[in-house]
Amino acid sequence: MPIIKKADTATASPLPATRPRLPYANGWFAVAFSGDVPPGRVLRRKFAGEEVVLYRTRRGLLRVVKPYCPHLGAHLGVGGKVVGEDLVCPFHKFAFNPDGICVGTAYGTRPPRASLEQLPAREVNGAVLLWHHAEGDPPSWEVPDLAADGFPAPARHVTTMVAHPQEVIENSIDIGHFGPVHGTSGAEITKPMEPDGPRLSVGTSVFRVLPVLGRSDVAFDVQAHGLGYLRVLANIPQWKLSALVQIMPVAIDPWRVQARFTVSARLGSSGSRAQKYAGWLATQIFAQPSWRGIEQDVPIWRHKIHVAHPRLALGDGPIMRFRGWASQFYSVDPDKYSLHQEDESF
């Protein structure tokens with residue numbers, strides 16, 4: 001079975017100095033893994049300062065809705081149940097079909113003209129993605145289904161931290177921190193950053209010298225799709241090892257991010273049964289170091305601020321080009337966003 005690890009590294013209230021760094025970004029953000037919502041399940045999730053309710057009908061249709069029943073305001077995620085294809089309110093047993101329309105009451109009387117507010121959701125690459133736009137605009141782009149041929153079922157990890165989704169995605173561009181924080185050497189850009197609308201790609205590489213094993217070179221092919229989805233293909237040619245990593249941060253409130261990660265490893269082409277087993281075993285072995293590497297950044301994110309005009313040095317990576325690309329995902333100019341704005345601005 002894939003490793004599933006959950007951690008909460010931000011259980012305490014944010015520090016007084018940790019004001020909201022940036023506004024909520026527009027785009028697609030992962031609020032669950034697909035496997036978290038089997039048929040008949042109802043889940044609550046925090047998303048951009050509010051709660052949403054996820055559920056899957058018995059036939060497998062996934063829906064995400066605003067949490068309150070339009071009848072008398074009961075929270076559908078607290079005691080609500082899936083009955084067949086309907087979501088049933090815990091208060092008066094009003095039933096809502098997959099289109100969100102009220103189709104029944106507990107009294108057997110004609111249901112009122114009432115509907116749930118459904119939210120745009122997609123299941124992509126094993127995750128449930130939810131669309132957010134500050135001005136209520138509908139989805140204008142999609143996160144593509146990306147092939148994972150030859151890779152076994154991934155190990156998964158969920159952590160909550162004080163951060164912003166942009167900081168998590170920017171981490172892959174900030175090659176200057178690879179050595180000081182993660183202990184690697186020789187970080188460089190091997191493929192120039194290529195923005196393409198809501199998508200961005202870049203190639204990077206590092207090496208590490210290990211006892212007995214000697215030098216190991218790692219090449220990263222990085223793809224970002226908005227500020228909520230990052231896919232990294234890492235190749236270590238000396239070991240004939242490839243690792244596929246997904247990093248999916250979502251802002252749950254103005255200060256905190258809940259991030260979902262997956263990692264899956266493949267040895268060679270993973271065509272034979274032995275190679276498939278070796279890939280599964282490598283996934284289990286490399287999952288824990290991957291999570292530890294990610295969490296090396298967490299205390300730094302918790303206590304840092306967003307510097308709109310940083311004093312950069314050679315070796316930092318294309319941070320300002322990245323931020324220029326990232327600015328398209330905000331309805332307000334992030335460079336003019338004040339750390340002292342009132343929370344209502346979110």
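1. Phe261 and Trp291 are both buried, where buried means under 20% relative accessible area, exposed over 50% and partly exposed in between, with a 1.4 Å probe and protein chains only. The model is predicted: local features need pLDDT of at least 70, side-chain atom pairs count only at pLDDT 80 or more, and totals for chains, interfaces and linings use all residues. Residues are numbered from 1 along each chain as its sequence is written, and side-chain values use heavy atoms, with hydrogens and water left out.

2. Rings of Phe, Tyr and Trp (its six-membered ring) pair if their centres lie within 6.5 Å; planes under 30 degrees apart count as stacked, over 60 as edge-to-face and the rest as tilted. The count by this rule is eight aromatic pairs. In one of them, the ring centres of Trp239 and Phe286 are 6.1 Å apart and the planes stand at 40 degrees, so this pair is tilted. Trp239 sits in the loop between strand E16 (230-236) and strand E17 (241-251), and Phe286 in helix H3 (residues 273-295), 47 residues apart. Helices (H or I, at least four residues) and strands (E, at least two) are DSSP runs, numbered from the N terminus. Trp239 is partly exposed, at a relative accessible area of 30%, and Phe286 is partly exposed at 28%.

3. The rings of Phe261 and Trp291 have centres 6.5 Å apart and planes at 45 degrees, so the pair is tilted. Phe261 belongs to strand E18 (residues 256-267) and Trp291 to helix H3, 30 residues apart.

4. A cluster joined by ring pairs contains Trp28, Trp131, Trp141, Phe322, Trp325 and Phe329.

5. The largest pocket has a volume of about 1200 Å³. On a 1 Å grid over the protein atoms alone, a pocket is an open set of points with protein on both sides within 12 Å along at least five of seven lines, and lining residues have an atom within 4 Å of a point. Grid points are joined across faces, edges and corners, and a volume is the space filled by probe spheres set on the points. Of its 39 lining residues, Arg208, Phe220, Pro289, Ser290 and Gly293 are the closest to the centre. H3 gives the largest share of this lining, eight residues.

6. By class, the lining of the largest pocket has 25 nonpolar, 11 polar and three charged residues. Ala, Val, Leu, Ile, Met, Phe, Trp, Tyr, Cys and Pro count as nonpolar, Asp, Glu, Lys and Arg as charged, and the others, Gly among them, as polar.

How values were computed:
On a 1 Å grid over the protein atoms alone, a cavity is a set of points where a 1.4 Å probe fits but cannot get out, and a pocket is an open set with protein on both sides within 12 Å along at least five of seven lines; lining residues have an atom within 4 Å of a point.
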